[in-house]
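Welcome! Take a moment to look over the sequence and the structure, and then we can walk through a few parts together.

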Amino acid sequence: MGWITVDSGTKLLFNDCLLNSFFVRVFEFGCGRSALCSFHPSRTKIELRMLASGKAGSVFLQSNVQRTSSASRPRSPSLSRANRSSPPVSFTVPFEGRNAVMGAVGATEVESKTVSDSNSPYAGKTAVVVGAGPCGSLAGMLLAERGFNVKIFEKRSDPAKVPMSFHRSIPVVLNSEVSTFLMDLGLEPVYEGSGKKRGLMIFKHSSTMAENGKIKPWNYQSQRGTRLLAERHAVAEGILGLGISKGFPNLEFTFDCGCQGVDVDSKIAMFCGPDGETNRVHYDLLIGADGAGSQVRKTLQELGHLEFTQRSSTRRYISIRDLPAPENPCDDIKAFLSPGLLVFGVLKPLWNGPTGFLFYTTQDGIQGSVGGKLGVFEAIKGREAEWIAGAAPDSIPKEWFPVIVEQIKSGTQSAIGPVTYCSTFIAPDVALLGDAAHASTPSLGLGANRALLDARDLDEALEAAKGDCSEALRIYDEKCRPQVAAIQAIELCNPSAALEGQSLFWTKFFNFYMEFYSTGNRKFPSLIPPSALAQMFASQIPPVEALRRFRRVASILSGTAVALVAAGLTLALKMYPLSV
């Protein structure tokens, strides 16, 4: 990467082994100021930095970009964007701001325009997306690129306007499949030492801390390829910013405007803004990405288009923010204080209090949470300081104790779940994505990943359907629902999910299965391969195949146990025959 200086209005021509030739025009930066231009050939991206103010923005190249060398980052064929037909695009860059159509914050803005695919069979159709979380924002961006006129409505405020301390600390690790997809779209991670505070960083690895304070690598999620780590709100903000930076004129965001209902027959979605007035918006395609409490899903159930059930989790947790950097940390802790690391820990059992914690380091500092089953925080009320002193592993820095105690006293408990099971993810001209279709617990670390894959899979279904939205929805549902069902079946076996109605047999078998393969693969890698679940976490096999292998092992072990018991009884009867 190198920096060169360009004046406003200059055309830049790049020739690189990774890319075909293309032109990029650097537009007026107001007052005719110059800019620095940095070219990242492996990311098909150009960064611009104003010389006068140092403010930065990005230009993402979508025109005539083709990979022609094996030196480029390996990508799965299903993730390739090279075959996406798109006419030449031109950009200006919004520095430190949002598109004006959002009505959001932005001190320095210039008009952003990206020409979407005007030759697409979907050009001119209107897509309404309910929810501007990670899944909704990604789906909206992909729909805009397809040629839809996209309107995204979010009941909450713009995440960039909300202080970080107001967000729950929910760390999300995006697997290599999702991370590669997002980076191919132009999402740039925040690298250590860059000085940027908010964003997705490169995930290094996760570890576990035992009650005695010893830390060991947690190889259940070991996988190849780049992974990204961020809190959920930062993932949403990063994808939202990526969509805005592309500058599609056919992509609009409206915040503080919640969905009130849907008239499926008339293709009308109703929204209520902060002024209390109801806005009726017509759509050709409606995307429900409005979370576990989805209004879109509720309306579809009331109209008889689908059925859904929910299963509650008994897990509760409290976010712990801004833990101080310890002055003299032990070696175990010192190794985990750089950004991109995540540690799960077990607390010593004391007074039926919280039983687990996690902490992770971001560019903002050290964040974390403590939790356990329902009632754990009530059990230690009034004696939080004594509890943390007795329950914390020896490696936990003592400087953290007062912060943890204060935030447990003043914090708000957050519930995990509920898990949602839908009979279908589609209705006439409506698709449910993410938690609206299949809310899950974080026990497998697949909720956010599956939600983002929903957006990708819908985009691929639209491409395959060649203009037929109904056919695209059918393809999307047939592809996604079996994978989601497999994930939810595995989750129901995981004791960490703490779901109502879990089978004792399957939760015990899950622990045995994971421990057997984890220990065996670590000690005898040539004899015992990674478990099917570990391969699923690593995006090496799909969830349906992971579930099949998981159940096959259970069947073999169960059959073996029954055979051994039968053999033992037969031998006992021979040795000690019953007298009649």
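**Confidence first**

pLDDT is the predictor's confidence in each residue, on a scale from 0 to 100. In this predicted model, local features need pLDDT of at least 70 and side-chain atom pairs pLDDT 80 or more, while totals for chains, interfaces and linings use all residues. Residues are numbered from 1 along each chain as its sequence is written, and side-chain values use heavy atoms, without hydrogens and water.

The protein chain has a mean pLDDT of 77, with 75% of its residues at 70 or more. Over residues 1–115, pLDDT stays under 50. Where pLDDT is low, the predicted coordinates should not be read in detail.

Strands here are DSSP runs of E with at least two residues, and helices are runs of H or I with at least four, numbered from the N terminus. Two strands pair if DSSP finds at least two bridges between them; β7 and β8 (residues 149–153) run parallel over 5 bridges.

**Ala127 in the sheet**

Ala127 lies in strand β7 (residues 126–130), opposite Val150 in β8. Is Ala127 buried or exposed? Ala127 is buried because its relative accessibility is 0% (buried means under 20% relative accessible area, exposed over 50%, partly exposed in between, with a 1.4 Å probe and protein chains only). The C-alpha atoms of Ala127 and Tyr283 are 5.6 Å apart, although 156 residues separate them along the chain.

Conventions
Contact means heavy atoms within 4.5 Å.
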